[in-house]
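Colleague: Please show me the model, and then let me ask about the words used for it.

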Amino acid sequence: MTDRTESVKDNDILVIEGLKKSFSGNAVLNDVDLKISKGETVVILGRSGTGKSVILKCIIGLIRPDSGSIRIFGENFLELNEKQMSSLRIRVGFLFQGGALYDSMTVRENLMFPVIRQPGYKGADLTAKIEEMLDNVGLLNAIDKMPSELSGGMQKRIGLARTLMLDPEIILYDEPTTGLDPVTSNEISHLILDMQKKYGVSSLIVTHDMPCARLVSNRIVVLKQGEFTAEGTYDELERSKDDFVSGFFKFE
Amino acid sequence: MGMDKSKLLKLGIFITAGLLLLIAGLFYIGSRDNLFTKTFEITSTFSSVNGLNEGNNVQFAGINVGTVKSIVIMSTDKVKVIMNIKSDVRHFIKKDSEASINSEGLVGNKVLMISGGTPGSASVESGDTLKAVMPAQLGDIINNLNQSSKEAEVIAKEISEITKKVNQGEGTLGRLINNSDLYDNLDSLTSNIAGSTEKIDRILAQTSGTINTVTGDIQSLTQSIRTITDNLGEITTKINSSESFVGTLLTDTSFANNIKGVVRNTNRTTANLEMGSFSFYQNMEALKHNFLFKGYFEDLGYWDKSQYQQTMASRENRILNKEFDLEQRETELRELQIKLETMRNELQKKLDSLDARGK
Amino acid sequence: MNTAGKSEKTLINLPKSLDDFFVKTAGLAVFAFRIVKEAFLPPYEISETLKQCYMIGYKSLPLISVTGFIIGLTLTLQSIPTLQKFGAESLVPSMVALAVMLEIGPVITALIFAGKIGSGIGAELGSMRVTEQIDAMEVSGTNPFKYLAVTRVIAATLMLPVLVILADAIALLGGFLAVNLFGGMNLQTFIASSMANLGFREVLPATFKTFLFGFGVGVVGCYEGFNASRGTESVGIAANTAVVIASLLVILIDMVMVQLISILF
C-alpha cells in the first residue's frame with residue numbers, strides 16, 4: 001500500500017487503488033487500480049455488464065465501493081463528508097448514457113440547473129455561458145426546446161454542454177456513443193476531442209465503440225473479470241497477442 | 001424551474017379558497033359551540049343525566065343558548081353538569097329557573113332545557129346552580145300511559161252508565177241518540193287510545209263535555225213537553241170552567257191554531273222517538289263491537305243475546321207507552337177541538353138569531 | 001446467483017412474499033423517516049415546493065371537483081328515499097354533511113389523489129431514476145432526495161387537505177342541488193341543517209387525517225419512484241405499485257385514525 005501512495009504525483013488528477021465492489025455476493029470489481037494525469041484521456045474497454053460503469057459511479061460517489069481508495073485532486077474522496085464530497089463533485093463532470101436531461105425543464109433550464117444550484121451562485125446572468133456551451137456542441141438553436149423534442153444524439157450533446165457548465169477538470173463519460181448511428185457517434189467523438197483540447201480537461205471514457213476509442217484515447221485499459229488485464233495505447237493493444245484484448249479490435 | 005406569475009396566482013387562489021372555506025366552517029361551527037362568543041357558566045346537579053354529553057346543546061324556550069361544558073360525577077347519585085351560556089341571554093334566565101334533560105327527538109341528541117322561571121325574579125349570575133328537574137324516564141312514560149288508560153276505563157264506565165241512564169230515562173231519547181258526536185268521539189277515542197296520553201285526555205274531556213250537553217238538552221226538552229202538557233191541561237180546564245172565556249176564545253182563532261201546532265209537534269216528537277229508538281239500537285250495536293267497550297258489555301252481561309233482546313223489548317215497551325201517552329193526549333186534544341168547534345158553531349147560530357131579531 | 005435480478009424483473013405489483021412485504025414496509029418506514037428529517041434540515045427548496053404545490057394541488061382540482069360534486073349529488077339522491085321511509089327527510093342534509101365531511105370526502109378524495117398523484121410521482125421519479133436524471137442531479141451538487149422527494153411529499157401533505165376542503169364544499173353543493181330536485185330548500189337552511197350535527201370534535205380530526213393521507217400518498221409515490229429499477233417497464237411498475245400501496249395506505253390510515261380519534265376524543 002505504501003509504495004502505491006508514494007507513486008502519486010502532483011499532476012495525477014485521479015488515483016484509484018484496490019477498488020472492490022460486489023452486488024449481492026456477486027463480485028463485479030475485484031481489484032481495480034487506475035491513474036489519470038492532467039489532460040489525459042483514458043478509455044476503459046470491457047464487455048457489457050462487467051462493471052465499467054460501476055467504476056465511474058464509484059468515482060463520482062453514486063456507488064460506494066466495498067474497499068479500496070479513490071483520490072481525486074489529491075483528496076481521499078471516500079473519507080469526505082457530504083458537503084466536501086459535494087464541492088469536489090462539481091469539479092468532476094459526468095456524462096450519462098442517455099444524457100440524463102431533466103424532462104421537465106427546457107434546454108436552457110437544464111444548463112442553468114447545475115450552476116444556480118451551487119451554494120456560491122449569486123444570480124449572475126448565465127445566458128452568455130449557456131450560449132457558449134450550446135455553440136460548442138452545435139445546438140444553439142435548441143436553447144428553448146424541451147428534451148423530448150430532441151433526438152438521442154442531440155440529448156447527449158446537450159448533456160455534454162450541461163456537464164461543461166460547471167467547468168469540470170475531469171469528465172467521466174458513460175458510453176457516450178452507445179445507441180447512436182455511426183455518423184452521430186463520430187460527431188460525438190470529435191466533440192469529446194474538441195472539448196478536451198479547448199478546455200484541457202482530463203477524461204475517463206467507458207465505451208466499446210472502437211473508432212471513438214481510437215480517436216480520443218491517450219491510453220486504453222481493458223477490464224476483465226473485475227481487473228484491468230491490459231493497458232496501453234490504441235496501437236499497442238491492437239497488436240496484443242491476448243485473444244480477449246484483440247477481440248475488441250476485430251471489428252472490421 | 002421557478003414559477004411564473006400566473007401559476008403562482010392560480011396556486012394562491014386555490015390555497016386561499018381552501019383556507020377561507022376552512023375558516024368559514026370553523027367559525028360557523030365555533031359560533032354554535034360558543035367558542036367565539038362571550039359566555040358564562042352555570043351548573044346544575046342531577047342524579048342521572050340520561051346520556052347527556054359534553055357539547056350537547058342547552059336550550060332556553062327552545063332556543064339554543066349554550067352548550068354543556070363538562071359533566072362531573074360528584075357522588076353515587078349526584079352528577080354535576082356545567083354549562084356555558086351565552087352572556088346575552090343571562091337576564092332571561094332567572095335564579096328559580098329549572099334545568100331538565102330531554103331528547104331532541106325519538107333518536108336525537110339529548111338537550112339540557114332551562115325553564116323560564118318566575119318573571120320578575122332575579123337573573124342568574126355566573127356560577128349559580130339551577131334546580132334540577134329529573135328527566136322523565138321511559139318507565140315513567142309507560143306508567144303515565146297506564147294511568148291514562150285506567151282513567152279512560154273509568155270514563156268509559158261513566159259513559160256506559162250515562163247510556164244506561166239515557167236508556168232508562170224518560171222521553172227525549174231521540175235527541176241523545178240522533179247526536180252522532182258522541183259516537184264519533186268514542187270512535188276516535190278508541191282508535192287514539194294507543195297514542196299520546198295528552199290526546200286521550202283531551203278527547204275524554206270533549207266526550208264528557210258532549211255528554212253534559214246532551215244531558216242538558218234532554219232536560220230542556222222534557223221541560224218544554226211538560227210545559228205544553230201543563231198548558232193543555234190549563235186550557236181544557238179553563239174552557240170547561242169558564243163560559244165567558246169561551247167567547248174570547250172563539251173570536252181569537254189564533255189560539256185554535258196554536259193548539260193545532262202543539263198537536264203537530266206532538267206528532268213529530270212521536271216520530272222522532274221511533275227513529276231514535278232505531279239508531280240507538282245501531283249505535284249500541286257498534287259500541288258493543290268496539291274492543292274497548294266489548295269487555296265492559298260482556299262484564300255487564302249485555303253481550304248475552306236474549307238479555308239484550310229483553311232489554312230492547314222493555315225499552316220498546318217504554319217507548320210504546322210513551323207513544324200511547326202522547327196518542328191519548330192527541331185524542332184528548334182532538335176531542336177538545338171538536339168540542340170547541342161545536343161550541344163555536346152554536347155560538348154562531350145564537351149570534352145569527354140575535355142579529356135577525358135586531359133587524 | 002442472480003437473485004437480485006430476478007426480483008427486479010417481476011411484473012407483479014404487490015409484494016410476492018412475506019419477506020418482500022416486510023422489506024418494503026421497512027424501506028417505506030425508513031424513507032418516510034428520512035423525508036421528515038430532511039424536511040426540517042436546510043437548505044429548503046421553497047420555490048420547488050411551491051411549484052410542486054401547483055402541480056399536485058391546483059392541477060388536481062378539476063378532477064377532485066367533479067368527483068366531489070357527483071358523490072355529493074348521488075349520495076343525497078340515494079339517501080332521500082331511505083330517509084323518507086322513516087319520515088326523516090329533514091335529516092338528509094345533516095346525514096350527507098356528516099358522511100361527506102367525516103369519511104367520504106377525505107377518503108374518496110385521498111383515493112383519487114392516490115390514483116392521480118401517487119402514480120404521477122411514481123412514474124415521474126421512476127423515469128428520472130431509470131434515465132439517470134436523479135444520478136445526474138446528485139453529481140451536479142443537488143440533493144435529489146430533498147429536491148425531488150421532500151418537495152413532493154410536503155406539497156402532497158399540504159395540498160390534499162385543501163383539496164378535501166374544496167371537495168367537501170363542492171360535494172355539499174351537489175347535495176344541495178339533489179335536495180332541490182325533490183323539493184325546495186334554500187341554501188341557508190341547507191347549510192344550517194347540514195352543519196347541525198358537526199362540531200370541532202368531528203371536523204378537526206377528519207381534517208387532521210387528510211394531512212396523513214397526503215403524506216402517505218407522497219411518501220409512497222416517491223419511494224416507488226426512487227426505487228424503480230432500470231428498464232422502461234419498471235416505470236410502469238413503479239407507478240402501478242405506488243397507486244396500489246398508496247390506496248391501501250389511505251384506507252389503513254383512515255381505519256387507524258378513526259379508532260384513534262374515538263379513543264382520544
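**Strands, helices and chains**

Modeller: B:Ser100 has B:Val133, in β7(B), as its bridge partner. This is a predicted model, where local features need pLDDT of at least 70, side-chain atom pairs count only at pLDDT 80 or more, and totals for chains, interfaces and linings use all residues. Residues are numbered from 1 along each chain as its sequence is written, while chains are lettered from A and ligands numbered from 1 in the order in which they are written.

Colleague: What makes β5 and β7 of chain B a pair?

Modeller: Strands (DSSP runs of E, at least two residues, numbered from the N terminus) pair if DSSP finds at least two bridges between them. Strand β5 (residues 98-103) and strand β7 (residues 129-133) of chain B have three bridges, in the parallel sense, so they meet the definition of a pair.

Colleague: Which closed barrel do these strands belong to?

Modeller: The barrel in chain B has seven strands in the order β1-β4-β3-β2-β6-β5-β7, with mixed pairing.

Colleague: Why are α6(A) and α7(A) called roughly parallel?

Modeller: The axes of helix α6 (residues 152-164) and helix α7 (residues 182-199) of chain A cross at roughly 10° and come within 10 Å. Angles under 35 degrees count as roughly parallel, so α6(A) and α7(A) are roughly parallel to each other.

Colleague: Which residues of α6(A) make the contact?

Modeller: Among them are A:Gly153 and A:Leu160, and the α7(A) side includes A:Ile188. Contact means that C-beta atoms, placed from the backbone, lie within 7 Å.

Colleague: How many residues of chain A are in contact with chain C?

Modeller: 18 residues of chain A are, and they touch 13 residues of chain C.

Definitions and conventions. Axes are lines fitted to C-alpha atoms, for helices over the stretch in contact, and angles run from 0 to 180 degrees between N-to-C directions. Helices (H or I, at least four residues) and strands (E, at least two) are DSSP runs, numbered from the N terminus. Angles under 35 degrees count as roughly parallel, over 145 as roughly antiparallel, 65 to 115 as roughly perpendicular and the rest as oblique. Two residues are in contact if their C-beta atoms, placed from the backbone, lie within 7 Å.
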